Amino acid sequence: MSVDTICALATAPGGALGIIRISGPQALEILSHVFSKNLTDAKPNTVHFGHIKDGTEVIDEVLVSVFRAPHSYTGEDSAEISCHGSRYILNKVLELLIQQGCRMANPGEYTMRAYLNGKMDLSQAEAVADLIAASNEANHQMAMSQLRGGISTKLSQLRDQLLKLTSLLELELDFSDHEDLEFADRSELLSLAKNINNHITHLAESFETGQAIKQGIPVAIVGKTNVGKSTLLNALLRDDRAIVSDVHGTTRDTIEDTIDINGITFRFIDTAGIRQTSDQVEQIGIERTYAAIDKARIVIWMVDKEPLQEELSKINKLSENKKLIIVRNKIDKTESTPFTIVKIPLIEISAKHGTHLSDLEQAIYEATDIPTLQQSDIIVTNARHYDALTRAHTHLQRVIDGLAANDSSLSTPHSSLFTLNSPLPPDLLSEDLRLTLDTLSEITGGQITPNEVLGNIFKNFCVGK
Ligand SMILES: Nc1nc2c(ncn2[C@@H]2O[C@H](COP(=O)(O)OP(=O)(O)OP(=O)(O)O)[C@@H](O)[C@H]2O)c(=O)[nH]1
Ligand SMILES: [Mg+2]
């Protein structure tokens, strides 16, 4: 249990108002030394008008909100002082609080205290940082779902099922000599374990989507040289990001930037045009183009004239397992005529003039296999959670393999699950089950979390949160 009383500015500097937070056992006593009223007996959830003073000098007229343990964000006695936002006032108020015995809070210390005081679990604490950083609707929805305990609830259901599995297994162990006792059907045990593992796999698999939403869905813009790829990147970004010229092979390296379409972030990657070249540097650029296609979820293949069968085969081969959008550019050119061979749907645009750009944006948005997120959707966005889920999966898979092996070694329906010549000792299965449970608990912090892990989680927070 922490004993320091901490203070920090909770709002970004530069606004009309600034909020200073104080939390800890001495919060109201310390504040009373610099405030015009005594707040030590103030009722919870009350707001007090008064002034902050340095001796007899008035520093500011403020509103103080009082929260009482355990019904506060941190679970401790705490207060928020709404001051005017001048840098002088805010620094002065912090200085006075520190003189009276507060210490400056570390990054994320309020949220860490909330976690340590049982106000939220670790995954919810991490969601607080994501919520503050969320710059679009999809990221906001994911953070909100996690903050409201989405993943915690799911994990606690899995935990209940794992505990059930453990007790059934242990029953088998304890009574393995009593052949006349009825035990849980072995295939039921196996299917229970498999079912839990499917849920774990499902959660772990959502990480790829979570990452895509958080960092932007990668979209590679590829095609031959000079078709207008860089012009398209600039048009989508509404910015002169990449060099455009009528020289073939202008873009040598990949260029990336993000934009939001309908609340989802896309990361566009402009690439070097694909052609045969003896230029060493350009060749390296073209290899990077292939690497970009490999990493992309969506490939925009751009042409400015009807592609030959050979190019079409190449397009299809390279964009296997990707969403492919074929774009015909430069439709403003008077000589452009309708394509005859290509029967695949085309989006026809002029990147230079911005013609039909919104059709392309809509096609890109529709190509995402990401459903519109609800706050109830559980998507893993955090690498720490993903790591724990993958390890839990490995442990549980060993249990499943062990159960399956033991199952096939049995002949009579009522004999024990574990026979003498059983391929895996039963206590190893119990151990793996325990490891599965412990590993899943790491996500919500149910197990005792080492200080080093906690430090790593909270160091990325801003001060004041
Ligand atoms: N008329 C017309 N010209 C375009 C259009 N889009 C691009 N261009 C021109 O085509 C030329 C090549 O454009 P870039 O965007 O540099 O083409 P790129 O595909 O990035 O070329 P590399 O980087 O060399 O592979 C430039 O002169 C552009 O102005 C368009 O929609 N209409
Ligand atoms: Mg280019």
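**Exercise 1. Across which strands does helix α2 lie, and at about what angle does α2 run to β5?**

Solution. Before starting, note that this is a predicted model, in which local features need pLDDT of at least 70, side-chain atom pairs count only at pLDDT 80 or more, and totals for chains, interfaces and linings use all residues. Residues are numbered from 1 along each chain as its sequence is written, chains are lettered from A and ligands numbered from 1 in the order in which they are written, and side-chain values use heavy atoms, leaving out hydrogens and water.

Step 1: find the elements, which are DSSP runs numbered from the N terminus (helices: H or I, at least four residues; strands: E, at least two). Helix α2 covers residues 87–99.

Step 2: Contact means heavy atoms within 4.5 Å.

**Exercise 2. Work out the strand order of the open sheet.**

Solution. Step 1: recall that strands of a sheet pair through backbone hydrogen bonds, either parallel or antiparallel. Here two strands pair if DSSP finds at least two bridges between them.

Step 1: walk across the six strands, in the order β3-β4-β5-β2-β1-β6, with mixed pairing. The edge strands, β3 (46–54) and β6 (103–104), each pair on one side only.

Step 2: zoom in on one pair. β3 and β4 (residues 57–67) are antiparallel over nine bridges, and Ile52 has Asp60 in β4 as its bridge partner.

**Exercise 3. Is His395 buried or exposed?**

Solution. Step 1: locate His395 in helix α12 (residues 383–408).

Step 1: apply the cut-offs: buried is under 20% relative accessible area, exposed over 50%, partly exposed in between (1.4 Å probe, protein chains only). His395 is buried, because its relative accessible area is 15%.

Step 2: list its contacts. Leaving aside residues up to four places away in sequence, His395 touches Asp432, Leu435, Thr436 and Thr439.

**Exercise 4. How many helices and strands are in the chain?**

Solution. Step 1: count the elements; there are 14 helices and twelve strands.

Step 1: Of the chain's 465 residues, 47% count as buried.

Technical notes: Axes fitted to C-alpha atoms, helices over the stretch in contact; angles between N-to-C directions.
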